[in-house]
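Please look over the structure below before reading the notes.

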Amino acid sequence: MANIAQNKQKNKNSELKEAILASKKSFIIVGFFSLFINLLMLVPPLYMLQLYDRVLTSRSEDTLIMLTLIVVVLFITMALLEIVRSKILVRVGNKLDNILSKRVFDSLFDLANKQPGKESSMPLRDLTQIRQFMTGNGLFAFFDAPWMPIYIAVLFMFHPLFGYFAIFAAIVLVILTILNEYDTKEKLQEANIMNQVSTSYVDSNLRNAEVINAMGMKANIQALWREKYYAFLNAQNEASEKAGIWSNIAKSMRMLFQSLMLGLGGYLAIQAEVSAGMMIAGSIIMGRALAPLDLIIGSWKGFSSARTSYHRLDGLLENFPKDKEYMKLPAPEGEILLEGVVVIPPNAQQPSIRGISMKINKGDVVGIVGPSAAGKSSLARIILGLWPLAAGKARLDKADIYQWDKVDLGQYIGYLPQDIELFEGTISQNISRFSEVDSTKVVEAAQKAGVHEMILRLPEGYDTKIGIGGASLSGGQRQRIGFARAIYNNPVLVVLDEPNSNLDDQGEVALVKAIRILKESNTTVIIITHRPSILQVTNKLAVIRDGLLEAFGDTNDVLSKMAAAQAANAQAQQQPQPQPQPQQPPQAAPKISLSKPSS
């Protein structure tokens, strides 16, 4: 019972479901229009009925003209209702997209931060799949199917056998629909999963196209991709073949039933129980009654894909719920306080940071050093609030870092990651973080970063367009422009992860000079580095090893202690080890005579 209540609560609070129900009034209007459209679908058979039973018998041209004019007006009305119904559903799809597109986009970045390697643009395609189904003909079948009783009731009015035969035919088509769902569901789900796998595989390898081409790996990568892609194609083909079989069977059965209805009407006409007009009209009405079921079977593949997209998108929005509205906090000053923080990286089992506590005052320039995989980059992600904490607190100006609105906080934060990523656009757009370009601030940031003259030497200066990832720039150029982006608009906290890994001597001199400028402006700077040369500009130093804080304090004091420890280790290794004393051969034991002594 508890699980049922929990599932009900989950469905009640489903963000995707609520977004669809936001258009509930529009769906009601569409259903109302569908009622009149289905009533007007009776016009052709009734017109034919009147022609056979009234016009032909009376031979009245006036009756024929009047009936024809009425039919023309009713068909125009039906066409207008169909057009309005289609437009309403298009607007419903656009409304759904407006409600969810931003949320899905935000959730994709949350997924990329918290589960690296699983990021994909598939949820955006899922949203498109749902919207397309909601605006397509397949959805009309679900709106038209509930009005089948109208047609069956008219058939009962013609003759009870017409009504019973129509019910029998409808039951057969419903059974075919269920069999179609049962037979294709598993393969369609498998095809959707394999499509996502193959697409993600291609996306991940395209980011490494340079390495793949340089080392002749394309054929091998293509072979692995083809294996995944053909698994998707095989599953999709099998599902399509099965769906095609059921769809054609349903279509043939509908045509058969419609013909049999005509035969039944002919028999009843011979028995003088129905007129010739009723015989033909009954066949047409039953065909119209069964048409929604036929359309449902034909569009079942699209419905199944939309349903899979719905569940996948619903799961994403549930796992990464919408950020709550945070109260706007005062602009931060840059004080960092870590209280026993423990972090388990995404997709990992063991913590990379284990109970670190430290306080970084406003204006401190802190170097963080340690061996590879010691947890230095994890510490940076904690300070920036990118990874969730398993335990402890990370505070910015006494407030929990997760209490800050990320968009609002971002303007006060500068970050240069170890893997520099620039974005498609101009250099000025990249430096200004794609906000409205303020040329004064852009040039100021570039000058502080020591990259202004380098940019001016490019073909179009600050208006030079760069490709995705900054492919047209060297590693050092990307790093220096990324540094300018990090210090744009004078942030109060700047985190630099290996900022000199791609720099030459001239670039490193410019980096040190820029950090000194940040220090003079009382900006808090955190530098993760393996190069000791940049430590000259720091006033505090933290040493991390195996996720633990081994030392933290004044840079000179920590360096002195590290030097002393290294000297002690070196001296211990250079001291001669005591040589083992050679073992003396054992002395022979005195011989004991066993002979009898002489007298």
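**Cavity lining and overall layout**

By class, seven nonpolar, two polar and one charged residues make up the lining of the largest cavity; Ala, Val, Leu, Ile, Met, Phe, Trp, Tyr, Cys and Pro count as nonpolar, Asp, Glu, Lys and Arg as charged, and the others, Gly among them, as polar. The model is predicted: local features need pLDDT of at least 70, side-chain atom pairs count only at pLDDT 80 or more, and totals for chains, interfaces and linings use all residues. Residues are numbered from 1 along each chain as its sequence is written, and side-chain values use heavy atoms, with hydrogens and water left out.

**Cavity**

- The structure holds one cavity of 30 Å³ or more. A cavity is a set of points, on a 1 Å grid over the protein atoms alone, where a 1.4 Å probe fits but cannot get out; lining residues have an atom within 4 Å of a point.
- The volume of the largest cavity is about 60 Å³. Grid points are joined across faces, edges and corners, and a volume is the space filled by probe spheres set on the points.
- The lining consists of L416, A449, Q479, R480, F483, P499, L503, G507, A510 and L511.
- Helices α19 and α20 (505-520) each supply at least two of the lining residues.

**Whole chain**

- The protein chain has 21 helices and twelve strands. Helices (H or I, at least four residues) and strands (E, at least two) are DSSP runs, numbered from the N terminus.
- The radius of gyration of the protein chain is 38 Å, whereas a compact globule of 599 residues would have one near 25 Å. The radius is taken over C-alpha atoms, and the globule rule is 2.2 Å times the number of residues to the power 0.38.
- Along the principal axes, the C-alpha atoms fill a box of roughly 150 × 110 × 55 Å.

**Six-stranded sheet**

- Six strands form an open sheet with mixed pairing, in the order β6-β9-β10-β3-β11-β12. Two strands pair if DSSP finds at least two bridges between them.
- The edge strands, each pairing on one side only, are β6 (413-416) and β12 (548-554). From one strand to the next, the twist averages 15°.
- Strands β3 (residues 365-369) and β10 (residues 524-528) are parallel and share four bridges; V365 stands opposite V525 in β10.
- Helix α19 (residues 475-486) lies across β6 and β9 (493-497), at about 165° to β6. Axes are lines fitted to C-alpha atoms, for helices over the stretch in contact, and angles run from 0 to 180 degrees between N-to-C directions. Contact means heavy atoms within 4.5 Å.

**Four-stranded sheet**

- A further open sheet has four strands with antiparallel pairing, in the order β2-β1-β4-β5. Its edge strands are β2 (353-360) and β5, each pairing on one side only.
- Helix α14 (residues 376-383) packs on this sheet and touches β1, β2 and β4, with its direction at about 120° to that of β1.
- Six bridges join β1 and β2 in the antiparallel sense, and V341 stands opposite I356 in β2.
- Strands β1 (residues 336-343) and β4 (residues 391-396) run antiparallel, joined by five bridges; L337 has R395 in β4 as its bridge partner.
- Strands β4 and β5 (residues 399-400) pair antiparallel over two bridges, with A399 in β5 as the bridge partner of L396.
- Two residues lie between β4 and β5 in their hairpin, and D397 in the turn has a positive phi of about 50°.

Methods. On a 1 Å grid over the protein atoms alone, a cavity is a set of points where a 1.4 Å probe fits but cannot get out, and a pocket is an open set with protein on both sides within 12 Å along at least five of seven lines; lining residues have an atom within 4 Å of a point.
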